[in-house]
Amino acid sequence: RAEYLELVAALRVARPDIALSTDIIVGFPEETEEEHQATLSLLEEVRYDFIYSFNYNERPYTPASRNLPDAIPKDVKSRRLQEIQGLQKKITAEIMQGWEGQTAQVLVEGPSRRDPSWMSGRISQNWIVNFEGGERLIGEVLDVKIERALSNSMQGVLPTRESSGAGA
């Protein structure tokens with residue numbers, strides 16, 4: 001853990017804008033409550049931008065299925081997964097809110113899924129940003145001012161446009 005945290009700190013010194021993600025399997029055979037709490041503590045300390053998290057379940061023909069019985073009850077796995085996802089949701093919201101008022105470079109990918117009259121793209125940290133604009137912008141890298149963080153994306157405006165207050 002200490003070595004890993006040192007590595008994370010070094011990465012953040014070298015690239016302060018780095019986005020970090022990880023995969024977490026909850027309820028791996030023999031996982032203790034203390035280990036689960038250590039995972040929550042690590043999430044707080046590292047502050048990943050996003051995580052992929054899943055309950056452990058046996059996969060046929062894997063070493064774990066042959067050597068480790070799936071002894072963690074489903075309700076315990078579910079609770080642990082909810083705790084991890086709830087904490088990460090809070091951390092992600094805080095990170096995204098930190099973008100509000102900032103200008104970010106956005107690679108325009110195409111129309112927004114919610115409103116095709118808006119464009120959607122990604123910043124280098126892989127966050128989705130939606131903003132008003134036309135399809136002629138697809139493929140461009142544009143400066144977009146982030147106005148609002150939503151649950152899974154951000155809403156922005158091109159600096160040359162006035163905000164309409166509409167949502168995408």
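Student: Where does Val-129 find its bridge partner in S7, and which residue is it?

Tutor: In this predicted model, Val-129 is bridged to Met-154, which lies in S7.

Student: OK, and the core: which residues touch the most other members?

Tutor: The largest nonpolar core has 33 residues, and those that touch the most other members are Leu-43, Ile-123, Val-129, Phe-131 and Met-154, so that the bridged pair Val-129 and Met-154 turns up again in this list. At least two core residues come from each of helix H1 (2–14), strand S1 (21–26), helix H2 (33–46), H4, strand S3 (103–111), strand S5 (128–132) and strand S6 (141–149).

Student: Which element gives the most to this core?

Tutor: That is H4, with 6 residues. As background, nonpolar side chains in soluble globular proteins tend to be buried together.

Student: What is Leu-43 in contact with, leaving aside its neighbours within four places in sequence?

Tutor: Leu-43 is in contact with Ile-24, Tyr-48, Ile-51, Ile-84, Leu-87, Gln-88 and Ile-91.

Student: Staying with H4, is Thr-92 buried or exposed?

Tutor: Thr-92 sits in helix H4, which spans residues 74–97, and it counts as buried because its relative accessibility is 12%, below the 20% cut-off. Not counting residues up to four places away in sequence, Thr-92 touches Asp-49, Phe-50 and Trp-127.

Student: Switching to charges, how many salt bridges does the structure hold?

Tutor: There are 9 salt bridges in the structure. One of them joins Glu-33 and Arg-80, whose closest N and O atoms are 3.2 Å apart; this pair links distant parts of the chain, with Glu-33 in helix H2 and Arg-80 in helix H4, 47 residues apart.

Student: Are those two partners buried or exposed?

Tutor: They fall into separate classes, since Glu-33 is partly exposed at 27% relative accessibility, whereas Arg-80 is buried at 5%.

Student: Which salt bridge has its partners about one helical turn apart?

Tutor: The side chains of Glu-94 and Lys-90 meet in a salt bridge at 3.4 Å, N to O, and because these residues are 4 apart in helix H4, about one helical turn separates them. Glu-94 is partly exposed at 34% relative accessibility, and Lys-90 is likewise partly exposed, with a relative accessible area of 42%.

Student: What about Arg-122, which residue does its side chain meet?

Tutor: The side chain of Arg-122 meets that of Glu-109 in a salt bridge, at 3.4 Å from N to O. This pair also links distant parts of the chain, with Arg-122 in strand S4 (residues 118–122) and Glu-109 in strand S3, 13 residues apart. Arg-122 is partly exposed at 28% relative accessibility, as is Glu-109 at 45%.

Student: Which residues do shared partners join into one network?

Tutor: Salt bridges with shared partners join Glu-31, Glu-33, Arg-79, Arg-80 and Glu-83 into one network.

Student: Now the backbone: what stands out about the phi of Arg-47 and Asn-126?

Tutor: Neither is a glycine, yet Arg-47 has a positive phi of about 60 degrees and Asn-126 has a positive phi of about 80 degrees. In general, most residues other than glycine have a negative phi. Arg-47 is in the loop between H2 and strand S2 (50–55), and Asn-126 is in the loop between S4 and S5. Both are partly exposed, Arg-47 at 28% relative accessibility and Asn-126 at 37%.

Student: Last one, the whole chain: how many helices and strands, and in what pattern?

Tutor: The protein chain has 4 helices and 7 strands, and along the sequence they follow the pattern α-β-α-β-α-α-β-β-β-β-β. Its radius of gyration is 20 Å, well over the 15 Å that the globule rule gives for 168 residues, so the chain is more spread out than a compact globule. Its C-alpha atoms fill a box of roughly 60 × 35 × 25 Å along the principal axes, and buried residues account for 36% of the 168 residues.

Conventions: Residues numbered from 1 in each chain as written. Predicted model: local features only at pLDDT ≥ 70, side-chain atom pairs only at ≥ 80, totals over all residues. Heavy atoms only, no water. Buried < 20%, exposed > 50% of the residue type's maximum accessible area, 1.4 Å probe, protein only. Contact = heavy atoms within 4.5 Å. Core = buried A, V, L, I, M, F, W, Y, C linked by side-chain atoms within 4.5 Å. Pairing = 2+ DSSP bridges. Salt bridge = Lys/Arg side-chain N within 4 Å of Asp/Glu carboxyl O. Rg over C-alpha atoms; globule rule 2.2 N^0.38 Å.
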